[in-house]
Amino acid sequence: MKSKYGYYLIILAAALSALIHVISKPMLENSENLIEINPVVMAFLIYFIGGIFFTPVARKTSSISKFGKKDWLFMGAIGIAEVSALITYFYGLSTATAVNASIFSNSEIIFALVIGMMVFKERLHIKECIPFSMIIIGMMALPIGNDLYQNNFNLGHMVTGDLLIVLSGILYAIDITFCKYVGDKFDARRVTQIVSFICAGVAISLIVIFEIPMDVDVTQLPGILVMSILGTGMSTLFFLMALKMIGTVRTVLLYSTTAVFGVVFSGLFLAETITAIDIISLVLVLTGIFLLRNRLAGKDDHDVSADNEVIINESSHRSSVKRGKHKSKTPIPHRIREVVVFQGWIGAG
């Protein structure tokens, strides 16, 4: 019964997260009826509201007094990387389609995996090269190639938007890598709260420095609230709850359906055309992620009971390390899995 609710929660988390692609798109475009919101301003509002949302949620977690100088440095790095990723994403979305943005939404998983392999000097096995190639083709080659073809192979606004969204995925992957450090030490809810306020601080600094006007229509506020509270806040909480109920592999795999929800919502609410290329891209990406599930998990057989055992053993192990009894012997693939999993609870893109 508990596992069943975990599946419901992660599917709901994926659907809520997909709302960001659809709701933000009209606000970033020129319209006769609505004011065009600057991407930096939108990022500030989302993170500021998100920080307020997570303040009561994180009330019973670790106090900020337990954060050292090094922790704050990592928090700052996470904030800069994440707000840069979201702003880059919004600039890209302003010219790209929401359908393509949805297909690109899983790119941080792959980039984080690549960074993890580079850091830990881990290589892909031959059997993993095919699904990895499928993801690259479906996520980047087909959508960008199709846009180039539609624009007579000119690097037009739409193709530039696609490239900016891919760049935001790289920035999110860097963000995820930094999150690995603080995620091992502090509760995710507390980290998310602090990072949200740091992101808001970076964004408001950019607004002041570059004198960006805070032009926001009152009618746009409900959409911004939905993106902040539902698309980011509730989606994050549901992800964390599902992670405990059904384990890492199932959670990451099902959360990748954000792309499917994004494409469907783009067709339903924005009336964007969903082509055969889009469907093929989605199938390639999701199939590739499914085939790479063992790499994402860090081991071949990973169920909920194994997750719980890992959590208990790691908690005991970290306590022993603090007492100086043991040195870390965490397997490399498992550490890569820990890096990848943070994409679900940090970041709005």
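The legends below describe an overview and several close-up views of a predicted model.

Overview. Among contacts with a separation of 6 or more, 88% are between residues 24 or more positions apart. The chain exposes about 16200 Å², and carbon and sulfur atoms supply 65% of that area.

Close-up 1. Although Gly 161 and Gly 92 are 69 residues apart in sequence, their C-alpha atoms are 3.8 Å apart in space.

**Close-up 2. Three tyrosines make a nonpolar surface patch.** Tyr 5, Tyr 7 and Tyr 8 together form this patch of about 340 Å². Tyr 7, which is found in helix H1 (residues 2-27), is partly exposed, with a relative accessible area of 33%. Tyr 5 is likewise partly exposed, at 45%, whereas Tyr 8 has a relative accessibility of 51% and therefore counts as exposed, the cut-off being over 50%.

**Close-up 3. Tyr 5 and Tyr 8 pair within helix H1.** The structure holds 11 aromatic pairs. In the pair formed by Tyr 5 and Tyr 8, the ring centres are 6.3 Å apart and the planes stand at 70 degrees, so the pair is edge-to-face, a class that requires an angle over 60 degrees. Both residues lie in helix H1, 3 residues apart, which is about one turn of the helix. The charged end of Lys 4 sits over the ring of Tyr 5, at 5.9 Å from the ring centre.

**Close-up 4. Phe 239 and Tyr 255 form a buried aromatic pair.** This pair is edge-to-face, with 5.1 Å from centre to centre and 80 degrees between the planes. Because Phe 239 lies in helix H9 (residues 221-246) and Tyr 255 in helix H10 (residues 248-255), the pair ties together parts that are 16 residues apart in sequence. Phe 239 and Tyr 255 are both buried.

**Close-up 5. Three phenylalanines form a ring cluster.** Phe 44, Phe 48 and Phe 197 are linked into this cluster by ring pairs.

Key:
Residues numbered from 1 in each chain as written. Predicted model: local features only at pLDDT ≥ 70, side-chain atom pairs only at ≥ 80, totals over all residues. Heavy atoms only, no water. Contact = heavy atoms within 4.5 Å. Areas by Shrake-Rupley, 256 points an atom, 1.4 Å probe, with all protein chains shown as cover. Patch = residues over 30% accessible without salt bridge, like charges linked within 9 Å, V, L, I, M, F, W, Y side chains within 5 Å. Salt bridge = Lys/Arg side-chain N within 4 Å of Asp/Glu carboxyl O. Helix = DSSP H or I, 4+ residues; strand = E, 2+ residues; numbered from the N terminus. Buried < 20%, exposed > 50% of the residue type's maximum accessible area, 1.4 Å probe, protein only. Phe/Tyr/Trp six-rings, centres within 6.5 Å; stacked < 30°, edge-to-face > 60°. Lys NZ or Arg CZ within 6 Å of the ring centre and 35° of its normal.
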